[in-house]
Amino acid sequence: MNRLFALKDAAEAEEVICRVLEDIALRLDMMQTDMAKSAFSKLVKPAARIAAVADQIGLTEVAIAAGHVSQCLEQRDGVALEATMARLERGFDVAVSEVWNFRDH
């Protein structure tokens, strides 16, 4: 995020970050819905997208967890998928808090 704020003015950087966070939140919601329906094949693209955009703005833990979700899907490991999705969601919650703390400084 420091790099993003260095490259753009504060308003533009905040807009980018807010869009990315909103995008991740929407994809997480879709993934939860698809998991509840056991539509596991629909989780692949959102997990990859979350990993990519989280990595772009420096949300490393979110990107790693999303990558692990993809691995669980590839391995067809439902138990690990449930646990890893929970970790992804917790990581996202922490990231949102950290972004707001970063913004306030």
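The model is predicted: local features need pLDDT of at least 70, side-chain atom pairs count only at pLDDT 80 or more, and totals for chains, interfaces and linings use all residues. Residues are numbered from 1 along each chain as its sequence is written, and side-chain values use heavy atoms, with hydrogens and water left out.

Start with the whole chain. It has five helices and zero strands. Helices (H or I, at least four residues) and strands (E, at least two) are DSSP runs, numbered from the N terminus. In sequence order the pattern is α-α-α-α-α. The radius of gyration is 14 Å, close to the 13 Å that the globule rule gives for 105 residues, so the chain is as compact as a globular protein of that length. That radius is taken over C-alpha atoms, and the globule rule is 2.2 Å times the number of residues to the power 0.38. The C-alpha trace spans about 45 × 20 × 15 Å along its principal axes.

Of the 105 residues, 35% are buried. Buried means under 20% relative accessible area, exposed over 50%, and partly exposed in between (1.4 Å probe, protein chains only). Contacts (heavy atoms within 4.5 Å) also reach along the chain. Among those with a separation of 6 or more, 51% join residues 24 or more positions apart.

H2 (residues 10-36) and H3 (residues 44-56) pack at an angle of about 160°, and their axes are 10 Å apart. Axes are lines fitted to C-alpha atoms, for helices over the stretch in contact, and angles run from 0 to 180 degrees between N-to-C directions. The angle makes H2 roughly antiparallel to H3; the label applies to angles over 145 degrees. H2 supplies Val 20, Asp 23, Ile 24, Arg 27, Leu 28 and Met 31 to the contact, while H3 supplies Pro 46, Ala 47, Arg 49, Ile 50, Val 53 and Ala 54.

Two serines complete the tour. Ser 41 sits in the loop between H2 and H3. With a relative accessibility of 64%, Ser 41 is exposed. Glu 74 is 33 residues from Ser 41 in sequence, yet the C-alpha to C-alpha distance is 9.6 Å. Ser 70 belongs to helix H4 (residues 60-75). Ser 70 has a relative accessible area of 18%, so it counts as buried. Leaving aside residues up to four places away in sequence, Ser 70 touches Ala 47 and Ala 48. Ala 47 is also one of the H3 residues that meet H2.

Technical notes
Angles under 35 degrees count as roughly parallel, over 145 as roughly antiparallel, 65 to 115 as roughly perpendicular and the rest as oblique.
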